[in-house]
Amino acid sequence: MYFPGPSFERSETPSIIAAAMWTFFHKLGSPPWLYTISGQILRWLLPAALLALVVGMCWGLLFTAPDFRQGNSYRIIYIHVPAAVVALGGYYIMAIAGAISLIWKMKMADIAMLAAAPVGAALTFIALVTGSIWGKPTWGTWWVWDARITSMLILLFLYLGVMALYEAYDNKVAASRACAVLALVGTVNIPIIYKSVDWWYSLHQPASIKFTGGSTIDPSMLYPLLLCIVAFYALFACALMANMRVTILDRERRTGWVRRLVEES
Amino acid sequence: MYFDSVAAVLAMDGHGPYVWAAYGITLLVLAQLLLWPARRLKRLRRELRGEVRRREAVKTNSVETS
């Protein structure tokens, strides 16, 4: 009999971690596990997200001082910036999920990519509309073909494009592959959006919150803004999981666990 | 509270219509975002329950006829 010897013992600890990681990934790929756990997460995350949203919005609308230059119209920042931040963050999630489904053919990644598209589109739409409404009293116009705004409009078309492309194919495996490629190609747009206010002369103000160096926003305005960003991220997660649950149930309808689930209810 | 009255909150020194329109549209879209999957899940579960019931009906029928 062959024993691996000391090298086996030395690698034992990492192998335990690796095994735990693989079990986790394996579970992530398991539809019934994902369906159950997402249901449990949604039960507390959704109320928490809604509470954070209400508190953040009321804080920003009623309890902060107006901007010294823009007056009260600046209060739109508490929805405009979170929507834009999460619309961009959501694109990463969609593109990474697309890459995973393309490379490893992981079914749940494919479902996550497709679930992220409508949520990202809605948030991009919110960012564009609230920005347009904010622009009227601040810049004197609803719309300008400015670098930041145009690149955000392209982001909206990318999200809508992924949704439309999936519907356009009868063969859903080919559809997913095409969507993943489009999502990955579209990531070119993300750094352009970030840098647009620095690269081009723009009406849009530069970022107020910076991770490096000082932010150009007063703490009394920053805290409600951060709370709203957290709330929007949590809402994104909720909508993403809710969309995924529908698709999981739909695709797994012929399997035993879905039948049992339906019979039990 | 920054504002003195409800009227001041609504008016926001002339920026009221802009601010409230922006918040209204945002809440409307967010609500749809969460209600849409909930409605789809409900419809799908009803559909799947119907399938189960039909299967059971077929099963009992075949037992009776045999």
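Student: Is W145(A) buried, partly exposed or exposed?

Tutor: This is a predicted model, in which local features need pLDDT of at least 70, side-chain atom pairs count only at pLDDT 80 or more, and totals for chains, interfaces and linings use all residues. Side-chain values use heavy atoms, without hydrogens and water. Buried means under 20% relative accessible area, exposed over 50%, and partly exposed in between, with a 1.4 Å probe and protein chains only. Because its relative accessible area is 66%, W145(A) is exposed.

Student: Which class does W143(A) fall into?

Tutor: The relative accessible area of W143(A) is 31%. W143(A) is therefore partly exposed.

Student: How many aromatic pairs are there over all chains?

Tutor: Rings of Phe, Tyr and Trp (its six-membered ring) pair if their centres lie within 6.5 Å; planes under 30 degrees apart count as stacked, over 60 as edge-to-face and the rest as tilted. By this rule, the count over all chains is 6 aromatic pairs.

Student: What kind of pair do Y35(A) and W257(A) form, and how many residues apart are they?

Tutor: Their centres are 5.7 Å apart and their planes stand at 55 degrees, giving a tilted pair. The pair links distant parts of the chain, with Y35(A) in helix α3 (residues 31-63) of chain A and W257(A) in helix α10 (residues 256-264) of chain A. Helices here are DSSP runs (H or I, at least four residues), numbered from the N terminus. The pair is tilted, and its residues are 222 residues apart.

Student: Are Y35(A) and W257(A) buried or exposed?

Tutor: Y35(A) has a relative accessible area of 5%, and W257(A) has one of 15%. Y35(A) is therefore buried, and W257(A) is likewise buried.

Student: What kind of pair do W143(A) and W145(A) form?

Tutor: The ring centres of W143(A) and W145(A) are 5.5 Å apart. Because the planes stand at 75 degrees, the pair is edge-to-face.

Student: Which helix gives the most to the nonpolar patch?

Tutor: The nonpolar surface patch of about 720 Å² is made by L51(A), V55(A), W59(A), F63(A), Y223(A), L226(A) and M1(B). Areas come from the Shrake-Rupley method with a 1.4 Å probe. With 4 residues, the helix that gives the most is α3(A).

Methods:
Residues are numbered from 1 along each chain as its sequence is written. Chains are lettered from A and ligands numbered from 1 in the order in which they are written. Helices (H or I, at least four residues) and strands (E, at least two) are DSSP runs, numbered from the N terminus. Patches are made of residues with over 30% relative accessible area and no salt bridge: like charges are joined within 9 Å, nonpolar side chains (Val, Leu, Ile, Met, Phe, Trp, Tyr) within 5 Å. A salt bridge is a side-chain nitrogen of Lys or Arg within 4 Å of a carboxyl oxygen of Asp or Glu.
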